[in-house]
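Me: I have a protein model open and would like to understand the words used to describe it. Could you take me through them?

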Amino acid sequence: MPDSAYPSESEPLTYSIDRTEAGEAILSNQVTCDTAITICVPCYRDHAAPLLSGLSRLAEAPQTGLLLFDDGSGDETLTKQLARHIMKYPGPARLITAPQNAGRAHARNRLVAMAESDWILLVDADMRPDTDLFLSRYMKSIEQADGPALIAGGFTLRQVTPTKKTRLHAAQSALSECLSAEARSEEPGRYVFTSNILVHKQILETVRFDDGFSGWGWEDVDWGLRVAETYPVRHIENTATHLGLDDTETLLAKFGDSGANFARLAERHPDAVRQMQLWKIARFSQRLPFEATWTGLCRSVAKTEWLPISLRLPALKLYRAFRYGEHLA
């Protein structure tokens with residue numbers, strides 16, 4: 001990240017740049033004060049403007065630190081935009097820009113290592129809080145916590161309007177992920193979505209994200225299940241909207257490429273995974289004649305935009321399960 005990448009506008013900005021041995025560049029807004037929460041945001045080619053603007057205007061923002069980790073986006077224009085938000089944030093804030101992409105687990109682990117408060121709020125760059133009480137509710141949860149805990153706020157699609165290209169992802173997310181706190185509490189470890197969680201640093205230091213999960217998918221579930229073995233996991237209603245809906249081609253690619261991660265999850269948590277309908281269908285697909293033909297058919301149905309969602313969504317689920325079956329032992 002060249003020093004010249006930082007913005008120069010009519011209003012002057014004061015900043016300092018440090019560099020780590022790993023080649024990371026660190027921009028600080030030089031604000032110093034005690035904070036109860038550090039907001040940690042992993043980014044990769046994400047502008048994060050809705051999230052960062054929203055957080056900056058909340059009344060509790062000066063009491064919270066902000067760490068932004070750009071995981072090797074390599075985009076100078078993006079760096080300028082992220083830097084502007086860092087310099088305008090009312091509390092202590094830093095932007096860490098990595099020289100190359102190393103994956104979400106690595107990004108989160110680096111954020112945790114650099115956070116200075118006891119409580120860390122992990123929020124994905126494509127999220128936006130659903131209410132102005134977002135930070136104050138988490139502050140209240142800290143007051144109510146009896147020692148280290150993981151507090152999951154959940155997410156919704158309230159502030160996003162699906163397009164023709166993204167409505168399949170919206171339907172899939174609404175059915176499988178946009179769950180109430182009560183529903184998530186039935187399997188607390190499984191429904192830990194790290195796109196919006198508050199967690200004590202002791203937990204993050206003792207139960208690290210597994211760098212063995214590559215690409216997209218299932219590292220959250222693995223981590224949540226491991227946390228739940230030792231620490232309390234509490235689900236509350238403090239949602240944020242997931243703005244980054246994928247088009248169908250991107251969604252199919254993610255599902256198709258995450259089979260190895262699912263197999264890793266099944267190996268590490270066999271009892272939990274064998275309760276999943278996804279695992280049961282994946283195992284069944286291994287005995288299915290002409291499995292490749294069925295997989296291709298499900299993919300075609302999921303991609304066909306003029307078909308009703310009531311057909312495309314089951315086809316998407318079957319496609320995912322069939323692809324996962326290729327990786328299960």
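Reply: Happy to! Let's start in helix H10 (residues 259-268), where Gly-259, Asn-261, Phe-262, Ala-263, Leu-265 and Ala-266 are buried. This is a predicted model, in which local features need pLDDT of at least 70 and side-chain atom pairs count only at pLDDT 80 or more, while totals for chains, interfaces and linings use all residues. Residues are numbered from 1 along each chain as its sequence is written, and side-chain values use heavy atoms, with hydrogens and water left out.

Me: What makes a stretch a helix or a strand here, and what makes a residue buried?

Reply: Helices (H or I, at least four residues) and strands (E, at least two) are DSSP runs, numbered from the N terminus. Buried means under 20% relative accessible area, exposed over 50%, and partly exposed in between (1.4 Å probe, protein chains only).

Me: What covers the buried residues of H10?

Reply: The cover includes H8, H9, helix H11 (270-273), helix H12 (277-285) and helix H14 (309-325). Contact here means heavy atoms within 4.5 Å.

**Salt bridges**

Me: How do you know whether Asp-222 is buried or exposed?

Reply: Asp-222 has 0% relative accessibility, so this residue counts as buried. Arg-268, with a relative accessible area of 35%, is partly exposed.

Me: What other salt bridges are there?

Reply: The search of the whole structure finds 18. Among them, Arg-299 and Glu-249 meet at 3.2 Å, N to O. This pair links distant parts of the chain, with Arg-299 in helix H13 and Glu-249 in helix H9, 50 residues apart. Arg-299 has a relative accessible area of 26% and is therefore partly exposed; Glu-249, at 39%, is partly exposed too. A further bridge joins the side chains of Glu-326 and Arg-323 (3.3 Å, N to O).

**Aromatic pairs**

Me: Why is the pair of Phe-134 and Tyr-138 called edge-to-face?

Reply: Rings of Phe, Tyr and Trp (its six-membered ring) pair if their centres lie within 6.5 Å; planes under 30 degrees apart count as stacked, over 60 as edge-to-face and the rest as tilted. The whole structure holds eight aromatic pairs. The ring centres of Phe-134 and Tyr-138 are 5.3 Å apart and their planes are at 80 degrees, so the pair is edge-to-face. The two are four residues apart in helix H4 (residues 134-144), and so separated by about one helical turn. Phe-134 is buried because its relative accessibility is 0%, and the value for Tyr-138 is 0% as well, so Tyr-138 counts as buried.

Me: What makes the pair of Trp-216 and Phe-255 tilted?

Reply: Their centres are 5.8 Å apart, with 35 degrees between the planes. Trp-216 lies in the loop between helix H7 (201-206) and helix H8 (219-228) and Phe-255 in helix H9 (residues 248-257), so the pair ties together parts 39 residues apart in sequence. Trp-216 is partly exposed at 30%, whereas Phe-255 is buried at 2%.

**Thr-239**

Me: How do you know that Thr-239 and Asp-130 make a polar contact?

Reply: A polar contact is a pair of N or O atoms within 3.5 Å; within protein, one must be able to donate a hydrogen and the other to accept it, and residues adjacent in sequence count only if both atoms are side-chain atoms. The side chains of Thr-239 and Asp-130 are joined at 2.7 Å, so the distance lies within that limit. Thr-239 is found in the loop between strand S11 (233-235) and strand S12 (240-242). This residue counts as buried because its relative accessibility is 6%.

Technical notes: A salt bridge is a side-chain nitrogen of Lys or Arg within 4 Å of a carboxyl oxygen of Asp or Glu.
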